[in-house]
Amino acid sequence: MQMLKSRRRAGYAVFMLRPFSRNGIGTVANRDFIEILKRNKIKIKKEGILMPQVLNQENAGHPPILFLEPVLKQNIWGGSRLGTEFGYAIPSGHTGECWGISAHPNGDCTVKEGAFAGKKLSVLWNEQRGLFGNLPMEQFPLLVKIIDAKDDLSIQVHPDDAYAAAHENGSLGKTECWYIMDCPKDAELVVGHHARSKEELSDLIYGGKWDAFIRRIPIQKGDFIQIDPGTVHAITAGCLLLETQQSSDVTYRVYDYGRLMDGKPRQLHVAQSLDVITVPAKRVQDSVMHTASLAENEWQELISCPYYRVYKLNVNGIYYFEQSWAFLNLTVIEGGGMINGHALAKGDHLILPFGYGGVKLQGQMEVVASAPGWD
């Protein structure tokens with residue numbers, strides 16, 4: 001087998017070397033494929049034509065793609081878009097989260113089909129670690145969500161690994177990032193704060209000086225925001241986003257607008273928040289990336305940090321690449337098509353396991369992908 005790296009940024013085309021037929025052309029399908037190669041500026045050797053490897057989920061020796069059944073979560077701030085726009089069977093009109101790729105105990109996804117149908121992702125992580133490149137982490141490291149915020153989320157912050165391990169029963173900390181799928185015109189998010197010292201931080205929080213405390217930033221569809229531990233943040237009403245994060249469910253609420261749940265205010269975590277909030281806050285320009293005009297059929301790396309690498313891919317037509325990560329999470333956030341002969345639709349969540357090999361995406365779709373990071 002010969003692997004030829006295309007001129008496209010992170011894509012790979014994988015082909016088998018087969019002899020020419022007597023007329024030097026081959027089948028009609030082969031001629032069509034040659035045209036694809038020429039358009040992508042991939043050379044064709046004289047002694048043979050480059051035939052596409054059989055890109056099929058059922059290939060002998062290839063581990064299967066893991067298509068996952070998401071877990072839906074009801075939230076006081078949630079809405080109904082996860083049902084109306086993605087077709088999920090939402091439990092109510094206050095459904096705020098779809099945990100699409102998760103092995104966390106609070107939302108463990110189930111494999112929908114294939115050899116591992118009915119298995120929880122956490123079970124596969126523990127019993128079939130080879131599917132994930134035999135990574136040494138104790139737990140599946142990532143969690144991918146789609147969030148529908150009909151109302152504002154609380155002003156909140158997350159701890160890092162060290163603080164969470166010491167104060168949250170050995171939990172991971174929570175580094176996360178957001179890809180903005182939709183938002184209102186002139187939308188803003190809360191990212192950061194204005195306190196210049198820990199003393200000022202305490203004064204603003206205990207004094208309830210929320211307008212002076214929080215930092216609002218303008219956003220638009222297609223923006224990407226990295227939220228490090230210690231960053232004060234809040235998703236605002238009308239935003240629809242995909243979140244990639246460490247596999248953690250630890251959140252410290254600083255302020256919740258006085259909302260009631262079952263007639264009582266939700267719990268706040270002011271002392272813990274004061275412990276973990278970073279002062280001064282990270283600069284806005286170090287957190288936000290504008291991605292609305294990405295090229296088609298190219299992997300665009302949005303972030304690379306010790307916990308994850310996140311990519312955006314806009315597929316138009318056919319795109320080939322090689323699955324070379326320990327594992328690769330994929331979520332279709334718009335459009336649809338095929339992956340190696342299997343239908344894909346908006347809202348599908350899947351994992352390409354270690355050693356899967358050649359991948360053919362076909363159709364018109366937007367995909368957000370993630371893989372584990374390294375120190």
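Visitor: Which strands each supply at least two residues of the lining of the largest pocket?

Guide: Strands are DSSP runs of E with at least two residues, and helices are runs of H or I with at least four, numbered from the N terminus. A pocket is found on a 1 Å grid over the protein atoms alone, as an open set of points where a 1.4 Å probe fits, with protein on both sides within 12 Å along at least five of seven lines; lining residues have an atom within 4 Å of a point. Here β5 (71–79), β6 (95–101), β10 (142–148), β12 (176–182) and β16 (233–234) each supply at least two lining residues. The most come from β5, with 5 residues.

Visitor: Is this an experimental or a predicted model?

Guide: This is a predicted model, in which local features need pLDDT of at least 70, side-chain atom pairs count only at pLDDT 80 or more, and totals for chains, interfaces and linings use all residues. Residues are numbered from 1 along each chain as its sequence is written, and side-chain values use heavy atoms, with hydrogens and water left out.

Visitor: Which residues are closest to the centre of the largest pocket?

Guide: The space in the largest pocket is about 490 Å³, a volume filled by probe spheres set on grid points that are joined across faces, edges and corners. Of its 26 lining residues, Asn75, Glu97, Asp249, Thr251 and Arg253 are the closest to the centre.

Visitor: Is Glu97 buried or exposed?

Guide: Buried means under 20% relative accessible area, exposed over 50%, and partly exposed in between (1.4 Å probe, protein chains only). Glu97 counts as buried because its relative accessibility is 11%. This residue is in strand β6.

Visitor: What joins the side chains of Glu97 and Trp99?

Guide: A polar contact of 3.0 Å joins them. Such a contact is a pair of N or O atoms within 3.5 Å; within protein, one must be able to donate a hydrogen and the other to accept it, and residues adjacent in sequence count only if both atoms are side-chain atoms.

Visitor: Where does Ser248 lie?

Guide: Ser248 is in the loop between β17 (240–246) and β18 (252–255). With 0% relative accessibility, Ser248 counts as buried. The side chain of Ser248 reaches the backbone oxygen of Leu172 at 3.0 Å.
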